[in-house]
Amino acid sequence: MITVDRGPVGHGRMLRKEDRRFVRGRGRYLDDITLPGMLHLAVLRSPVAHARILSVDTLAAEAHPKVRAVVTGAMLAERGLAWMPTLSGDVQAVLATDKVRFQGQEVAFVVAEDRYAARDALELIDVEYDVLEPVVDVRRALDPDAPLIRDDVAGKADNHCFDWETGDAAQTAAVFDRAEVVVRQELVFPRVHPAPLETCGAVADYDRVEEKLTLWATTQAPHAHRTLYSMFAGIPEHRIRVISPDIGGGFGNKVPIYPGYVCAIVGSMVTGRPVKWTEDRTENLIASGFARDYVMQGEIAATRDGRILALRSHVLADHGAFNGTAAPRKFPGGFFGVFTGSYDIEAAYCSMTAVHTNKAPGGVAYACSFRIAEAVYLTERMVDLLADELGLDPVELRLRNFIRSDQFPYTSRTGWVYDSGDYAATMQEALRIAGYDELRAEQAAQRAAGDGQSLMGIGVSFFTEAVGAGPRKDMDMLGLGMADGCELRVHPTGSAVLRISVQTQGQGHETTFAQLVAEELGIHPENVDVVHGDTDNTPYGLGTYGSRSTPVSGAAAVIAARRVRDKARLIAAGMLEVAPEDLEWTKGRFDVRGVPGSGVTIEQIAMRAHGAGDLPEGVEGGLDAQVSYNPDNLTYPYGAYICVVDIDPGTAVVKVRRFVAVDDCGTRINEMIVEGQIHGGLTDGVGMALMEFIGYDEDGNCLGGSLMDYLIPTAKEVPDWETGMTVTPSPHHPIGAKGVGESATVGSPPAVVNAVIDALAPYGVRHADMPLTPSRVWEAMQGRATPP
Ligand code: MCN
Ligand code: CUM
């Protein structure tokens with residue numbers, strides 16, 4: 001045990017506890033799990049985007065000497081398991097029975113003695129397809145003659161998925177009618193993929209004697225998954241244990257339940273042996289949860305002198321073949337309604353039409369804050385377009401329209417209650433770090449010199465997120481309320497174990513959650529063990545996504561520690577024979593008020609709580625607390641980002657020269673971890689803005705099926721990040737912390753795009769869609785619009 005040093009034991013920069021095992025290669029990821037007698041599962045996937053299945057012949061595969069089972073959709077259908085519910089109330093085929101609806105869709109699976117045999121046997125399965133015309137272009141999905149994708153749904157006659165709206169249409173129209181200036185632009189946020197380093201996988205072990213299923217799975221939400229497996233497969237919930245081991249990145253990709261997990265479970269039930277399934281890179285990219293894929297019509301209304309009056313947008317959303325989006329039930333468009341952004345405006349309205357196409361299901365993944373990434377991109381591009389129209393500096397236009405610090409809590413025009421903020425201060429800090437005026441002067445000088453060697457662009461974005469879903473009255477997933485829990489136990493010797501319902505995929509929870517408890521109890525974070533990712537050993541909660549761990553489970557941890565402290569006070573009072581009110585807490589000890597050193601430490605109290613002798617009247621033994629936290633509201637982190645790019649006019653290659661990010665996520669538990677989150681998110685943002693893209697050809701073939709085609713940025717493509725911070729605590733979180741895990745991914749794409757468009761101003765370019773690859777930038781420089 002670490003000796004207690006009452007120095008800065010709580011919040012602050014602290015090296016990550018989990019890195020001890022990660023940097024020594026001692027992490028235990030899904031693929032490290034090997035059980036005696038374990039079999040391997042491989043999935044046969046559709047080579048085409050849309051086809052009727054005429055027949056599936058598995059005889060040759062079954063005859064393979066190492067094959068133990070071959071399962072088709074028809075076999076699952078007999079057990080009522082061919083279709084499973086998605087997180088947004090649609091259904092998705094586990095294995096196709098009638099048709100395949102996207103390239104890469106699961107058609108059959110093989111369980112064999114080893115992975116190679118399983119893969120080989122896939123080749124022996126003969127599927128006869130009657131290929132149908134696919135729906136690839138989202139804009140044509142609702143055409144009267146478009147092929148019908150979801151003929152599995154009774155009565156369905158078109159590819160419509162859902163409609164949704166928010167804001168006041170009439171009031172917004174009235175404001176637009178009288179506005180002096182209106183700017184319109186279509187913006188495409190293309191389909192991208194979270195592409196975590198570790199792909200998805202599962203090891204299922206069904207014990208036929210105990211009738212108990214143990215499932216190791218790459219899931220960001222083990223408890224929610226367990227409940228859904230129970231509801232779907234009929235296994236009693238207490239007979240399912242879901243373990244989420246070390247995870248090599250989730251980024252939203254590991255929120256949904258994928259057919260592969262279900263196949264692994266079925267495979268184990270059928271063979272009576274443990275079964276492992278792991279995706280390869282291509283399977284992950286073409287068939288698991290994508291992100292974005294929004295075509296947005298943006299409109300912004302303002303006065304001539306730069307007062308933003310209203311925002312309006314229509315979104316055409318591509319949800320792929322099945323609506324596999326993970327979003328709270330009442331929010332089919334996620335939190336896109338936060339699209340009024342950081343501005344105090346008079347009116348706003350958004351309508352959304354979501355459609356099905358012959359593409360992989362998903363929709364919310366990749367550090368999205370439930371579609372706020374799309375919303376921020378829309379608004380921050382529209383504000384820049386307006387600044388251009390008005391001839392105003394984009395920073396000046398933003399400063400004129402920010403919600404003022406004295407307006408918080410601020411209710412947005414679409415009904416979101418922003419908890420706290422001082423946007424102007426954060427913007428000013430970013431301007432200071434960037435040296436904004438000097439940058440503009442340098443750009444002006446470059447343009448005046450007109451040597452054509454390089455095109456410098458400066459892009460600004462300001463974002464507000466809504467993270468920490470969420471209050472149970474408003475938010476649930478498939479009827480499960482979005483609360484999260486924790487359980488804290490202080491052992492007799494004063495060390496502690498904290499069991500949490502959220503699950504780290506790299507965010508460092510084993511460190512930051514220990515720090516939360518350490519700060520409240522005055523014990524060293526090294527003496528607080530954090531247990532997560534195991535439904536048998538952690539309290540119930542909905543898991544990690546939407547940057548909700550700190551706002552929800554983090555709050556639970558603080559409250560649990562404070563309850564333990566309250567109980568410790570009673571025990572200390574008994575030990576010192578004084579009234580509890582006469583005790584004074586300083587980190588790690590209770591002393592008699594005014595007499596420092598007179599009291600007892602938390603370790604002494606812990607021993608007493610478990611030890612011999614009487615406790616005060618009414619106080620139970622032990623020093624534990626359990627909390628399920630239902631947040632009052634979301635938290636609203638925000639930030640100001642400034643990006644400087646240089647474009648080579650000869651090759652149209654964009655180089656990101658500098659990137660300044662000033663984030664405000666309220667109180668920071670561990671500044672170093674927060675900075676790491678921001679560095680990662682900024683890298684994501686540069687990737688989306690400049691290179692990441694899941695495209696399809698006209699036959700529905702996925703063009704982003706490998707990391708040679710789906711480009712993700714490396715250290716070479718990104719600059720040294722320049723980060724800064726302001727701290728505006730959340731008033732309703734027990735330590736004032738807001739989530740931060742997605743902020744930089746959400747806030748940075750518009751800064752990069754705004755910078756590129758700014759650089760191209762001498763060419764008269766007004767807009768070009770992401771990803772701004774050299775060819776797209778080149779097209780824009782030639783006056784050609786982004787090809788669809
Ligand atoms: N933190 C802090 N102070 C704050 C806020 C957060 O010290 N005021 C710390 C937290 O304690 C936690 C980390 O920063 O260790 C992120 O916290 P939070 O914002 O609560 O987000 P979550 O832990 O819920 O993580 C989810 C978020 C999401 S939704 C995606 S997507 C994403 C992201 O985290 N996926 C990631 N960052 C990722 N980082 C890694 N390495 N891997 C992923 O898969
Ligand atoms: Cu939307 S990606 Mo994160 O919320 O797991």
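This is a predicted model: local features need pLDDT of at least 70, side-chain atom pairs count only at pLDDT 80 or more; totals for chains, interfaces and linings use all residues.

In the crossing of α9 and α10, does α9 pass α10 in a left-handed or a right-handed way?

Tutor: The crossing in which α9 passes α10 is right-handed. Helix α9 covers residues 372–390, and its axis lies 9 Å from that of α10. The two helices pack at an angle of about 110 degrees. Angles of 65 to 115 degrees count as roughly perpendicular, and α9 and α10 are therefore roughly perpendicular to each other.

Helix α10 also has a crossing with α11. Here α10 spans residues 394–401 and α11 spans residues 423–434, and their axes come within 10 Å. The crossing angle is roughly 160 degrees. Because angles over 145 degrees count as roughly antiparallel, this angle makes α10 roughly antiparallel to α11. The hand of this crossing is left-handed, whereas α9 passes α10 in a right-handed crossing.

The bond joining Phe 408 and Pro 409 is cis, with omega at about -5 degrees. Pro 409 sits in the loop between α10 and β19, the latter being residues 410–411.

We may now turn to another pair of helices, α16 and α17. Helix α17 comprises residues 743–759, and its axis and that of α16 come within 7 Å. They cross at roughly 40 degrees, so α16 and α17 are oblique to each other. The hand with which α16 passes α17 is right-handed. Pro 771 lies in the loop between α17 and α18, which is residues 774–781.

Helix α16 leads us to ligand 1. The shell around this ligand has 34 residues, of which Gly 506, Thr 512, Ser 549, Thr 550 and Gly 741 come nearest. Three elements, α13 (509–521), α14 (549–576) and α16 (671–690), each give two or more residues to that shell. Of the elements, α16 contributes the most, with 4 residues. By class, the shell around ligand 1 holds 21 polar, 9 nonpolar and 4 charged residues.

Next come the sheets. One open sheet consists of 4 strands in the order β26-β25-β24-β30, with mixed pairing. Its edges are β26 (528–531) and β30 (624–629); each has a single partner strand, so one side of each is left without a neighbour in the sheet. From one strand to the next, the twist averages 15 degrees. Within this sheet, β24 (residues 484–490) and β25 (residues 496–500) run antiparallel and are joined by 5 bridges. Glu 487 stands opposite Arg 499 in β25.

Another open sheet has 3 strands in the order β27-β28-β29, and its pairing is antiparallel. The strands β27 (583–586) and β29 (600–601) are the edge strands, as each pairs on one side only. Strand β28 covers residues 589–592 and pairs with β29 in the antiparallel sense over 2 bridges. The bridge partner of Phe 590 is Val 600 in β29.

Two further points concern earlier parts of the sequence. An unreviewed UniProt entry places the feature "domain: Aldehyde oxidase/xanthine dehydrogenase a/b hammerhead" at residues 24–133. Finally, Ala 195 is not a glycine, yet it has a positive phi of about 40 degrees. Ala 195 occurs in the loop between β10 (181–192) and β11 (201–207).

To return to your request: α10 is roughly perpendicular to α9 and roughly antiparallel to α11.

Methods: Residues are numbered from 1 along each chain as its sequence is written. Chains are lettered from A and ligands numbered from 1 in the order in which they are written. UniProt positions are given in the numbering used here, feature names are shortened, and annotations may be inferred rather than shown by experiment. A residue is near a molecule or strand if its C-beta atom, placed from the backbone, lies within 6 Å of it. Ala, Val, Leu, Ile, Met, Phe, Trp, Tyr, Cys and Pro count as nonpolar, Asp, Glu, Lys and Arg as charged, and the others, Gly among them, as polar. Two strands pair if DSSP finds at least two bridges between them. Axes are lines fitted to C-alpha atoms, for helices over the stretch in contact, and angles run from 0 to 180 degrees between N-to-C directions. Angles under 35 degrees count as roughly parallel, over 145 as roughly antiparallel, 65 to 115 as roughly perpendicular and the rest as oblique. A crossing is left-handed if the near helix is turned anticlockwise from the far one by less than a right angle, and right-handed if clockwise.
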